[in-house]
Structures are given as structure tokens and as C-alpha cells.
Amino acid sequence: MSEKKKILIIGLGAVGTMYALIIKSSGLAHVTVVARSNYAVVKEHGLNIKSRKFGDHVGFQPDRLCSSVSEAADTTYDYVLVVTKCVPEVITTSKLLEPFLLPSYAEAFAQPTYVLLQNGLQIERELYDAIKSIGHIPRIISVAVFILTNQSSPNVVEHDQTEKFVCGVYRPDDFTTSANSESELCVLNGLADIIVRGGGVVEVVPEIQRRKFHKNMYNIVFASICLLTRFPLTAIFRAPPTGEEVYEPYAFPATQPLLESHTVALMHSIFKELLDLARSLGFPDSEDGIPASVQDEAIKFTRESHSTPWSFHKPSTLLDCEKDSPMEIEVIWGSVVRLATERKVDIPRVEMAYGLLLVMQNQILRKISSR
């Protein structure tokens with residue numbers, strides 16, 4: 001039997017928890033996890049996971065639990081998965097990973113392959129440049145994660161059925177590569193095989209930026225509405241309870257038709273702006289690009305997944321807002337506005353959302369600074 005891969009996961013929120021479970025379940029990897037704010041409770045009690053796909057797990061623990069990146073940076077890893085929020089105005093990814101970029105580590109150990117499971121666009125370049133600056137060739141896998149999961153308390157995670165890990169090699173300023181090299185496939189499949197063995201769904205792609213853009217379209221369209229209304233999508237798509245069912249929120253019948261004719265129509269309009277930008281970036285209207293049908297498919301999927309009595313999901317940005325935590329405004333919305341400016345594409349609805357969300361983010365940062 002071949003030696004287990006050594007994998008480090010940085011960030012033990014909902015997504016980090018689910019991939020720690022999947023990877024450890026594979027039996028092919030030794031899993032170290034960095035848990036920061038929830039380190040003490042996870043160390044004492046483990047993680048309680050309730051998943052409609054992977055089952056229930058009480059007291060789940062990774063192979064090794066660390067309280068900081070510095071503590072974990074005492075050995076070599078094949079893959080380092082970064083599953084934290086990407087909020088560069090608070091901390092950059094290279095700063096988060098600084099213990100791995102110091103001369104003391106670089107001289108003692110080989111650089112791992114970094115795997116970024118973070119929302120947003122153009123998030124990789126800063127880390128890429130930092131690795132190059134220490135004289136190493138960067139190996140970065142970027143991932144678009146499609147998963148409905150929330151952390152309801154520091155060591156409790158709920159997960160629906162949706163889970164897909166779409167991954168590709170990061171190449172600076174490259175939106176058109178049509179095939180992975182043999183060495184790139186080796187690195188990608190080394191991780192993909194582990195996740196598949198653990199029960200996950202993986203798609204390895206030759207060009208990841210279009211899939212990241214695709215995922216970011218979901219975030220912009222749906223999270224904009226949730227953040228600016230402070231309600232999850234069940235307030236739009238879920239019917240009132242019947243019989244003995246008890247849940248909220250749901251779409252109140254008196255004005256529910258207006259939600260369809262105006263709110264859902266707004267979703268379509270935002271998708272149309274983003275599709276215009278996608279075309280300007282060279283992403284074709286095809287299955288290997290970003291098809292125009294994405295808006296109907298995305299809204300249909302979102303309607304179905306937020307209409308059941310057990311629907312619980314909230315966008316991570318909404319959860320952050322509710323906790324007065326910094327949100328991923330720059331990498332999700334700001335990056336798109338900047339791309340549209342560069343490409344001279346009009347996206348007025350996205351620009352309006354970005355402008356309003358900047359106020360919310362600004363005040364969250366103000367509150368944090370005064371604590």
C-alpha cells in the first residue's frame with residue numbers, strides 16, 4: 001500500500017469541516033486541520049456533523065488538530081487546502097500562509113501544492129507572486145466549491161445533499177488553455193482521487209477561471225439579495241407551512257406574485273449583466289464555457305434547494321453579516337466591477353449592489369477596530 005498523502009486544511013468552518021470528513025474518510029490521507037476560533041471546543045468535543053449525503057457524525061476529529069498555521073508548519077505536506085474567507089483588506093492569503101513562506105520552512109521542506117477553496121475572482125495572483133518571490137515555482141490549484149452547508153455553532157455543521165469540487169491549475173492571466181499538461185494532471189488527480197474515494201464529487205478542468213466565474217455568478221446574484229434584505233432565499237422560494245409543519249421564513253402569499261415578477265426578474269437581469277462580462281472575457285456560450293442557459297438552470301436549482309421544509313442554507317456572506325464579521329465583498333463583487341471597468345462592460349445592477357455592500361463592510365470594519 002502506498003504511503004498516505006499528508007494534507008493540511010486551514011479553516012474549520014462548514015466547508016473545511018466537510019472536506020476534512022471527506023478526505024479522512026478516504027483512508028488515503030493523513031489530515032491535519034488548523035482551527036482557530038473553534039479550536040478549544042473541537043479539541044474537547046470534536047465536530048458534530050449532520051449531512052443528508054454523508055450521514056451523521058458525532059465527535060468527528062481529524063488526525064491532528066492545530067490552533068495556528070505556525071503550529072502546523074513543522075512538517076511537509078503534499079497539499080495545503082485554504083478554506084478560510086478571502087478578505088484581503090483584513091488579511092492576505094500570503095500573510096495567512098506566511099509560516100510556509102519563511103526561509104526557515106522553505107529551506108527545510110519542499111513547498112506544498114496550495115489549494116484555494118475560497119470565493120471570488122482573481123484571488124490567486126497575490127499568493128502566486130509571493131511564492132515566486134522566495135525562489136520557488138508556484139503550484140496552486142484553484143477550486144469552485146458547490147456545497148450547501150452551514151456552521152450552526154462552533155462545532156456543529158449541517159449539510160444538505162449538494163457537494164461538488166471543481167478544480168484546475170491556476171495560470172496567471174490565462175483564460176483559454178484547453179488541456180492540462182501531464183504534470184498538472186498528476187497534481188490534480190492526486191487530490192481528486194482522494195476526495196472521490198471519500199465520497200465526494202470532483203470535476204478536473206483544464207481552465208478553472210471560467211468555472212470560478214460561473215460560481216461567482218451564483219454568489220453575486222443570490223447573496224446580493226440576501227445581504228441587502230437580510231433574509232435567506234427561503235423567504236422568496238419556500239411556500240407557507242401546511243398542517244403541523246413549522247418553519248420560517250417563507251414567501252407570504254399576499255405579495256408572493258410580486259416576488260416572482262420583480263425579485264426573480266431581478267435575478268435574471270443580474271445574470272444577464274454577468275453573462276455579458278463573461279463573453280468579454282472570452283468564455284463561450286457552450287458547455288465548456290458559460291452557457292446562456294446558466295441563469296435558468298441556476299434559478300431552478302436554487303428554487304428547488306430552498307423550497308423544502310428542511311431548507312436551512314444561508315449564504316456565508318449573510319452569516320458573516322449577521323455576526324458583524326468581515327465579508328468577502330472585494331473578491332466577489334469588487335473583482336467583477338473592476339473586470340467590467342477594464343472590459344468596458346456595463347453592469348449597473350452589480351455596481352449598485354457593490355456600492356451598497358461597501359457601506360455595510362465599512363461599518364463592520366469600523367466596529368471591529370473599536371473593540
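## Salt bridges in this model

A salt bridge is a side-chain nitrogen of Lys or Arg within 4 Å of a carboxyl oxygen of Asp or Glu. With that in mind, welcome to this predicted model, where a search of the whole structure turns up 19 salt bridges. Let's visit some of them.

## D74 and R64

One of the pairs joins D74 to R64, with 2.9 Å between the closest N and O atoms. D74 sits in the loop between α3 (69-72) and β6 (79-82), while R64 belongs to strand β5 (residues 64-66), so this contact ties together parts that are ten residues apart in sequence. D74 is partly exposed, at 44% relative accessible area, and R64 is partly exposed too, at 24%.

## K164 and E203

Here the side chains of K164 and E203 meet, at 3.2 Å from N to O. Because K164 lies in strand β9 (residues 156-169) and E203 in strand β10 (residues 202-204), the pair links parts that are 39 residues apart in sequence. K164 counts as partly exposed at 30% relative accessibility, as does E203 at 25%.

## K367 and D324

K367 is part of helix α15 (residues 348-369) and D324 is in the loop between α13 (316-322) and α14 (329-343), so the two tie together parts that are 43 residues apart in sequence. Relative accessibility is 34% for K367, which is partly exposed, and 25% for D324, also partly exposed.

## A linked network

Salt bridges can also be found joined up: R125, D129 and D173 are linked in a network of them.

Note on methods
Residues numbered from 1 in each chain as written. Predicted model: local features only at pLDDT ≥ 70, side-chain atom pairs only at ≥ 80, totals over all residues. Heavy atoms only, no water. Helix = DSSP H or I, 4+ residues; strand = E, 2+ residues; numbered from the N terminus. Buried < 20%, exposed > 50% of the residue type's maximum accessible area, 1.4 Å probe, protein only.
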